[in-house]
Amino acid sequence: MTRSILAGLTEFALTALVIGLVILAVLVPLALSQPDPLEVLRLFVLGPFGTIRHMGNILEAATPTMMTGLAATIIFRAGMFNLGVEGSFFLGGLAAAATAVLLPLTGFVATPAAILVGALVGSLACIVPGYLRVRFGASEMVNSLVLNFAFLFAGVYVLNYVLRDPNAGALMSYKLPGDFTLDRLLQGTRLHTGVIIAFVACLLGGIWLYGTRSGLNVRIVGSSPGFASHLGLASSKLLMQAQIAGGLIAGMAGAIEVLGLYSRFSWTGLPGHGWTGITVAILARENPFLVIPAALFLAYLQVGGDMLARNLDVPSEIVGLVTAAIMLAVTAAAIFRHPAFLRLIRDIKGQEQGA
Amino acid sequence: MSNSPHLAEGPIVSFRGVSKTYPNGTVALTDASFDIRRGSIHAICGENGAGKSTLMKILFGLESPSAGQVLIDGAAVDTATPDFAGKHGIGMVHQHFSLVPILTVTENIILGHEPRRSIFIDRSKARRQVVELTQRFDLAVDPDARTDTLSVAAQQKVEILKALSRDTRLLILDEPTAVLSPPEIEELFNRLRDLCAAGMTILFISHKLHEVRALAETVTVLRAGRVVGTTPLAEVDDTTITRMVMGRDVDVPRRQRQRTDAPVVLELDRVSTRSRDPADRIEDISLSIRADEIVGIAGVDGSGQRGLVGVLSGLMHPASGSVRLADADMSRAAAPDWRKAGLAYLPADRYARGGTAALSLADNAIAGTDGDKALQWGPFLRRGAIRKRVQQMIADYAVRAGGTGERLDSLSGGNAQKLIAARELAGSPKLLIADQPTRGVDVAAAALLHGRIDLAARDGAAVLLITADLDELLRLADRVLVLFNGKIVADLQNHAGLTPAALGPYMLGLETAA
Amino acid sequence: MIEFFGAIADPAVFATVLRVMTPLLLAALGVLISDRAGVLNIGMEGIMLSGALIGVLVSAATANPFLGLFAALIGGGLLGALMAFFINGLGTQFIITGIALNMAALAATTLGLFLATGDKGMSGALKSGVLPNLDIPLLGGVPILGPLLSGHHMLTYLAILAVPAVAIMLARTPFGLHIRAVGSDPKAAAAAGISRNRVQLYTLTLSGVFGGAAGAYLSMGYVSWFAQNMTAGRGFIALAAEVMGMGTAWGTFAAAAVLGIAETVAITMQTKGLPSELMQMIPYIVPAVMLTVYAARRQAKARKIS
C-alpha cells in the first residue's frame, strides 16, 4: 500500500517537474527582457498569494473552470471526445440571463430556477453531438466543434432580438433583476457562492464516478467498450448519461458565471472557459477530485499573469502560452510512457515481473 | 541483389543456428538451422506459436535474429536493414493482406516504387507493368478496380502480384489458403506450381498437411521454437509428420468427472453463422454439454472459434439453428440475457474483452455485479464490503498485487487473468466459456486456473474450453471436438490413449470423424 | 431563385463571395492535405491567426507585402511541422495538440501584437502592406465575364488554382499516393516501405503553409490590419468545409463556395438590418448535417452486409 502511494507520488513529482520546467522556459526569456527579471518571477510566482483579494481572485477564476473541467472529465471518461462543453457554457449563461430577464420570478426560487434553466438549455450543446455519435456513428469531435459556433450564433440572435436593452450603448441584455444574483462571499472580492457550488459539484462528480454503480459502468464503457459489451452493459445509454451529465454541469457553470459576476449578459463570442475546462480535465488526469487543484492551479497562473500585466508592462496572455505548453507536456507519451519511467514506477512498487 | 550472379548450386537461403529472444523475455526461436533449395517449393509446418511467423519476419527483414546467421546465396546478410527484402528479391504474401483498401489494384502494386515521369506517376507505364505482371503470372485482375471492391481471392492475387512486382525470386506465403474456397485454393496452387516451374523459390507456411503434401517438395517442421526436422515429403508419411508437428506422445493426468448423467445445460442444434471473416463463421454445429462436463474445442486459430463464442455470448446471432441454455431458447438472446442466464466468460484477451486495463483491480473485480445487495446500497457502492470481497478474491486466487486500487495492467498477465477468473467464477455459473484461458500466462497461474475451471465444472457448470494448447485440452476436457473451417470434424471421448498425435490428423484437416 | 442567381451574377456580390471564400478555401485545402494523411488539423485556426500576424509584422518591417506573405507561409509551415513533431515525436494526441496550438496562437499573437505596437487589440498603428488585386489583361475587357472574373485579390486566384493543383497532387504524384496510403492504412503503407511519420510531417507542414496563406489573406487582403482573434472561428469553418467536401479537393472547393455564399448572404442581410445571426449559423449547421447523414448511410450499409 505505501509502495503504491510512493509510486503515485513519483508520478506527481514528475508532472510537477515538467510543469515547472515549462513555466520557466516561457517565463525566463520574458523576465530577461524586463529591467528587473527577478521582480517578474517574484510577482508571477508569489504575487497571487500576496493579499486576500488576490487569493479571492484565484478562487473566482477557478469557479467556472472547475465546473467545465468536471464536465469534460465526465465526458472524456465515457470515451467520447465531445468538445461541446464550450457551447454548453455559453448557452447556459445565456439561458440563465434570459430566465432572469423574461420570467417574473422573485425571492429565493429565482436564482435556482435560472441556474436550472441554464443547465437544461446548456446541456443541448453536449447532448446533440453525443446523440449523433451514439445513434449514427458521426464523429462527435467534428460535430461538437462546428455546432459550438452554431449555438453561439443562435444565442447571439436571442440576445439581439429578445434580450437586448435598446437603451444600453452596446449589444447587451436588460439588467438582470437583483433577485437573480449569487451572494457575495467575501467583501472586497468578487467571490460569490458559485465557488461553493463548484467545489461541491466536483466532490459529487467524484463520488458519482468512483462511488456509484452507474459511475463505474460509465468508466468501463469508456475504457474498454469490448469488455462492456461482453458484460452486457447498456453502452449507448451509459454514453448518453455521461454526455447529459457533462452538458448539465457545463450549462450550470455558464449560468453561475453570468449570475455571479455580471449585471447584464453581453457575450457575443465563445468565452473560452470550455477550452480551459478541457485543459483542466487533462491536467487532472480525468479525475473529478483532482479537477479542483488543477483548476486552482490554472487560475493561480492566470492571476499571476494578471499581476504581471498590472504592475509591469507584461501582457497577461503569457499565461495562454504557458497553459498550452503544459497541456502538451503532461500528455506527451514520450515523457509519461517512457520505458525508463515505467520501469522506475514498477521498481518502486516492487512487483514481480511475470509473463 | 536480383542481378547478382546466380549460384546454380547451393541453397538460396540458409538458416544457421538462428535464435530470437524478445526484449520481454519470450523465446520465439532457438537454434534453427535449415536450407531452402533454389527453385523448390518449401513448406514450413508447425502449431500456433511454434515460431513460424518469427522466422518469416526475420527472412523478410522485419526483425533481426538475436543469435545465428541468415545466408542468402551463401553469403551472410544483416536482415534488419532498410528495404532488405526488396534488395534481395524477397516478396511476401501476408496472411492479413497489406493492401490499402481505397487504392486501385495498380496503385497498390506500385506503392513504394512508383514509375515516374517528371514529378508525376507514369500512370500508363504503371498500368502496363501491372498488366504485364498479370499476364506473365497468369493472375487475372482488373488493374483499375478499387481494391476493397474485390473478392478475397482477387485481393490475394493482388497481394501476390505486389509481392512479385520487384524482380522477386523468393516468394513467402503465410497461410495463404485460410481465406479461400477449395476451387480458389486449387487455382492458387496451380499458379504457384507455374511460378516454381519458371524458377521461383516458394516458401509456403501452412497448418494444413494435405495442402503441404499437395504442393511442396520439402517440409521443415517447427515445434516450440525449434526445428524438429527438414525432410523431403516423398520420404515421410502423414503419421510421421503429424508426430513431428504435435510432439511426443507423453500422457497427461486427466480430469476425473463426477457424474456422467447430469442434465444437459447447453444445447446447440445445427447452428450456422454468416460472416465474411472465417474466424466468425461456423457451419452446422450441433453440440450439447451437461453439467459437470468440460467440452474442449481444438483447432487452429481462426477456424470459427470466435463465431462460436459470439453466438454463445449474445454478440452474434445464428443465421440458422437453435441455441438452448438450461431449457431456455437463447437463439436471439442478447449479451445481458446471457449474463443473467448464468454465463461466465474467461478470454485470453484480458484487456479488450475480459477486463479493462485502465481501471483498478477493485473496479475490474466487481464489474458486472450490478444489483448485488452486498456490494451496493441503492446506487452507491459499498467501499468497505468491496474491498473485503476483492481482498478475499486476491487471497483465494493467489493474485500478487500491491493493493485493490492498482490498475489492472500493472499486474503480470497471469495475475490479471487470475483476478478475472475470480470474478467470473464467483457466482457459480451455469455455463463457462474458457477461451484460451491460459494464453500468455505463467505456469503456476495456469495450474491454478486449470484447478478452478475443474472446480467450476464440479459445482455444476457446463464448460466449453476453447484452446490451442493441447496439453491443457487433454488435462481438462471430458470430450474433445475438433473445429476445422467452421465445422466440427471430430467428436472424441478423452481417455488415456488420446494423444496430440491422435488429434493431429483432424486439426490438420486430413481426416473427419464426426 | 432567379433573383438569387441574378444577385450572384452581380459583380459586386460575386466579388464579395470570392472575398469571403478565399480564406476558407485556402485553409480547407490545408486541412484536406493533412486529413488525407490521417491527421485532422484542429490547429488550423491557430495557424491562420499566426499567419495573419506574421504577415502584418513582416510587411510592416520590410515595407514589402510579398515578404510578409512569404514569412506567413514559412511561419505556418513551421507551426505545422511543430504539430507533427509533437504528435509523432512526443506522442501527444492530435486533438489535444490542435487545441493547444489554437490556445497558444491566440496568446502568442496578442503578445506579439502588443510587443510590436503597444496595443493588444489592433495593429492600426503599423504601416503594413496589402497584397495586390490582379487585373487579368485580356479578360478584363470582355463584357459581363470581364468584370466578374478580373480584378480579384492575388490570393483568391492562387486559392482557386490550388484546387486542381491539390487534386492532381493527390491523384497523380507519388507523394499523393503515399498520402492516401498512409491515411487509409498506415500498416499496409509501412509494409510497402512508406513511413507514416515522414508523410505526416510533410503534409502537416504543407497544411500549415496553406493556413499561413489563409491568415495572410485575412490581414493583408480582406482587411489591411491585424486584430486580436481576427480569424473568429474561420479555421473551424474550414475544418467543416473539408469534412463536407468528403475528402476531395473539388468537393472542398464546392463546400467552401456554399459556405462563402451563405456568409455573403449573412453580410447582406446584416446591412439590410435583418437577423444575420441565423444566416451565420448555416456554415456550422450544414457540415454537421452532412457529416451525420454520411455517417448514417455508412452505418446502414455496414448493417446490410452483416
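How many bridges join E11(B) to strand E12 (residues 226-232) of chain B, and do the strands run parallel or antiparallel? Six bridges join the two strands, which run antiparallel. The legends below concern a predicted model, in which local features need pLDDT of at least 70, side-chain atom pairs count only at pLDDT 80 or more, and totals for chains, interfaces and linings use all residues. Residues are numbered from 1 along each chain as its sequence is written, while chains are lettered from A and ligands numbered from 1 in the order in which they are written.

**Figure 1. Overview of chain B.** Chain B contains 17 helices and 24 strands (DSSP runs, H or I of at least four residues for helices and E of at least two for strands, numbered from the N terminus). Its C-alpha trace spans about 75 × 55 × 45 Å along the principal axes. Of the 514 residues in chain B, 49% are buried (20 or more other C-beta atoms, placed from the backbone, lie within 10 Å of the residue's own).

**Figure 2. Strand E11 of chain B and its partners.** Strand E11 (residues 218-223) of chain B has five of its six residues buried, so it is largely enclosed by the rest of the structure. Strand E3 (residues 41-45) of chain B runs parallel to E11(B), joined to it by four bridges; strands pair if DSSP finds at least two bridges between them. In this pairing, B:Ala43 stands opposite B:Val219. On E12(B), B:Gly229 stands opposite B:Val221. E11(B) and E12(B) form a hairpin with two residues between them, and B:Ala224 in the turn has a positive phi of about 50 degrees.

**Figure 3. The contact between chains A and C.** Here 37 residues of chain A are in contact with 38 residues of chain C (contact requires C-beta atoms, placed from the backbone, within 7 Å). The side of chain A that touches chain C draws its largest share, 14 residues, from H6(A). By class, this side has 28 nonpolar, seven polar and two charged residues. Nonpolar covers Ala, Val, Leu, Ile, Met, Phe, Trp, Tyr, Cys and Pro; charged covers Asp, Glu, Lys and Arg; the others, Gly among them, are polar.

**Figure 4. The contact between chains B and C.** Chain C and chain B each give 15 residues to the contact. Helix H8 (174-184) and helix H9 (186-191) of chain C each supply at least two residues of the side that touches chain B. The largest share of that side, five residues, comes from H8(C). The side of chain C that touches chain B comprises eight nonpolar, three polar and four charged residues.

Technical notes
Contact = placed C-beta atoms within 7 Å. Buried ≥ 20, exposed ≤ 12 C-beta atoms within 10 Å, placed from the backbone.
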